[in-house]
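Me: I have a structure open and would like to talk it through with you. Could you take me through it piece by piece?

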Amino acid sequence: PQDEQVDVWSAGVTLYQVLVGRPLLNTPLGPGATHLSESDPHRATAIKQRWLLEEIHSICPPPFDRCPEDLSATCWDFIRCVLMPEPQLRITVPQALEHPWLQGVSVAL
């Protein structure tokens, strides 16, 4: 089900790319990635979805040691909170709005 937690995830992916300067995910999703797009497009889609989910679960939330030097710990904590793969563990919109980074409060982690 797509609810506001999907929007929180999307905002996190966009925020990551803007602040870190590179895409969060690198899974090849274009035509020809599976070499099945022409012969079995449904299988090709299923394979790409599996690859994408595997990548998400392997890198999210981004570990503390991957925080760029020019980002604050509070900012990185916010990014980690919005990039939790499991929606039930991801920060909600009201919680996000109260996060110290959005409130302008610096917190040592």
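Me: What covers the buried residues of helix 2?

Reply: This is a predicted model, and in it the cover over the buried residues of helix 2 includes helix 1, residues 4-20. The buried residues in question are Ala44, Ile47, Lys48, Glu55, Ile56 and Ile59.

Me: How many residues does helix 2 have, and how far does it reach?

Reply: Helix 2 runs over residues 41-59, which gives it 19 residues, and from its first C-alpha to its last it reaches 27 Å, close to the 27 Å expected at 1.5 Å a residue.

Me: Which residues form a salt bridge?

Reply: Glu54 pairs with Arg50, with 3.8 Å between the closest N and O atoms, and the count for salt bridges comes to 1. In general, side chains of opposite charge can pair when their charged atoms come close.

Me: Where do Glu54 and Arg50 sit relative to each other?

Reply: They are 4 residues apart in helix 2, so about one helical turn separates Glu54 from Arg50. As for accessibility, Glu54 is partly exposed at a relative accessible area of 47%, and Arg50 also counts as partly exposed, at 43%.

Me: What does Thr34 touch?

Reply: Leaving aside residues up to four places away in sequence, Thr34 touches Ala44, Ile47, Lys48 and Trp51. Of these, Ala44, Ile47 and Lys48 are among the buried residues of helix 2. There is also a polar atom of the Thr34 side chain that lies 3.1 Å from the backbone nitrogen of Leu36.

Me: What about His35, is it buried or exposed?

Reply: His35 is exposed, with a relative accessible area of 70%, and it lies in the loop between helix 1 and helix 2.

Me: Where is the cis peptide bond?

Reply: The bond from Cys60 to Pro61 is cis, with omega near -5°, and Pro61 is found in the loop between helix 2 and helix 3, the latter spanning residues 73-82.

Me: Now the surface: which residues form a nonpolar patch?

Reply: Val93, Leu97 and Leu102 form a nonpolar patch on the surface, and together they have about 240 Å² of accessible area. Leu102 belongs to helix 5, residues 100-103, and is partly exposed, with a relative accessible area of 42%.

Me: One last thing, on contacts: what share comes from residues 24 or more positions apart?

Reply: Among the contacts in the chain with a separation of 6 or more, residues 24 or more positions apart account for 57%.

Terms used. Residues are numbered from 1 along each chain as its sequence is written. This is a predicted model: local features need pLDDT of at least 70, side-chain atom pairs count only at pLDDT 80 or more; totals for chains, interfaces and linings use all residues. Side-chain values use heavy atoms; hydrogens and water are left out. Patches are made of residues with over 30% relative accessible area and no salt bridge: like charges are joined within 9 Å, nonpolar side chains (Val, Leu, Ile, Met, Phe, Trp, Tyr) within 5 Å. Accessible areas come from the Shrake-Rupley method with a 1.4 Å probe; for residues, only the protein chains shown count as cover. A salt bridge is a side-chain nitrogen of Lys or Arg within 4 Å of a carboxyl oxygen of Asp or Glu. Helices (H or I, at least four residues) and strands (E, at least two) are DSSP runs, numbered from the N terminus. Buried means under 20% relative accessible area, exposed over 50%, partly exposed in between (1.4 Å probe, protein chains only). The expected span of a helix is 1.5 Å times one less than its number of residues. Contact means heavy atoms within 4.5 Å. A polar contact is a pair of N or O atoms within 3.5 Å; within protein, one must be able to donate a hydrogen and the other to accept it, and residues adjacent in sequence count only if both atoms are side-chain atoms.
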